Amino acid sequence: MITALREWMFRAWYWYVNHIDKNAEVLFMNFGYSNPDMKVKLDPKDESSRHSVQLYNLLGSATELKNKDIVEIGCGRGGGLSYIVRTFSPATALGVDLDKHAVKFCNKHYSIKGLSFANGDAQDLSFLKDNSFDALLNLESSHRYPKMDLFLKEVHRLLRPGGYFLYTDFRYDWEMPELKKQLEATGMTILKEVMITDNVVKALEADDPHKRLLVKKLAPRFLHKVALNFAGVIGSETYNQFSTHKYEYYHFVLQKN
Ligand SMILES: C[S@@+](CC[C@H](N)C(=O)[O-])C[C@H]1O[C@@H](n2cnc3c(N)ncnc32)[C@H](O)[C@@H]1O
């Protein structure tokens with residue numbers, strides 16, 4: 001019941017963002033990554049989303065993407081995949097999302113050679129052929145999948161031998177052992193496993209003023225509390241879960257043998 005309510009709230013929130021953001025101010029929907037050692041050069045237009053971009057940079061720089069065929073499952077409003085294409089020059093990049101409105105927005109908003117978007121469910125990607133990608137990205141989306149094992153089967157099916165699963169997401173700390181078991185059960189080799197919760201907390205703190213302004217601008221007053229929680233501003237339940245490590249945020253790189 002609580003899971004169903006949570007899922008409904010997520011869907012309602014994403015639907016709302018897609019309808020209210022007429023000026024395309026929300027291109028990223030992740031909590032971000034702060035790291036003083038990461039010196040990512042950005043287009044001035046990406047600067048206000050620096051920490052969200054840096055999370056994509058962490059994934060994109062984990063392997064060579066130049067001239068490769070890549071897919072992102074759960075691409076949201078496409079800001080991250082568009083950054084990956086502009087920065088790492090894959091041959092083709094497909095963004096897939098469950099939310100039809102987000103996909104419609106992406107197809108209208110971006111016109112970059114090789115970049116396209118499609119509607120689909122991470123747990124059943126049968127419209128995509130076996131062994132068709134060199135890298136599959138999944139960023140802060142999988143916590144929403146009721147059947148993570150089905151998604152991981154799809155990851156394995158879609159990747160070419162030697163292909164990479166570039167993955168990052170959060171779970172309650174007590175859910176992490178189960179997630180690790182599921183990743184091991186894919187038969188892919190885990191090349192990297194790093195806990196980045198503190199980097200995410202730093203990003204939430206740095207982005208706090210900007211996010212508060214955006215919520216004030218885009219959301220009606222009665223939705224402010226919900227929106228501030230989705231944004232993870234300081235003092236919100238989401239922020240507190242990360243800062244006390246009840247939520248742990250992980251970055252993994254896996255390779256299909
Ligand atoms: C927190 S947003 C992150 C979006 C994007 N990766 C980013 O960082 O900006 C999560 C996204 O996952 C998508 N999503 C949730 N469940 C999905 C599913 N079963 N299949 C595909 N996408 C899904 C949502 O619609 C949403 O766009």
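## Strand β2 and its partners

Strand β1 (residues 69-73) and β2 run parallel, joined by 5 bridges. This is a predicted model. Within this pairing, I70 stands opposite A93 of β2. The link between the two strands passes through helix α3 (residues 79-88). That β-α-β crossover from β1 to β2 is right-handed.

Strand β3 (residues 115-119) also pairs with β2. Here 5 bridges join the strands, and they run parallel. L94 has S116 in β3 as its bridge partner.

## Burial of β2

How many of the 6 residues of strand β2 are buried? The count is 5 of the 6, across residues 92-97. The strand is therefore largely enclosed by the rest of the structure.

## E248 in strand β7

E248 belongs to strand β7, which covers residues 247-255. Is E248 buried or exposed? The cut-off for buried is 20 or more other C-beta atoms within 10 Å. E248 has 20 C-beta neighbours inside 10 Å, so E248 counts as buried.

Which residues is E248 in contact with, leaving aside neighbours within four places in sequence? They are F170, R171, D173, M176, M195 and T197.

L27 gives a further reference point for E248. The two residues are 221 residues apart along the chain. Their C-alpha atoms are separated by 24 Å.

Technical notes: Residues are numbered from 1 along each chain as its sequence is written. This is a predicted model: local features need pLDDT of at least 70, side-chain atom pairs count only at pLDDT 80 or more; totals for chains, interfaces and linings use all residues. A residue is buried if 20 or more other C-beta atoms lie within 10 Å of its own, exposed if 12 or fewer, and partly exposed in between; C-beta atoms are placed from the backbone. Helices (H or I, at least four residues) and strands (E, at least two) are DSSP runs, numbered from the N terminus. Two strands pair if DSSP finds at least two bridges between them. A crossover is right-handed if, with the strands pointing away from the viewer, the path from the first strand over the helix to the second runs clockwise. Two residues are in contact if their C-beta atoms, placed from the backbone, lie within 7 Å.
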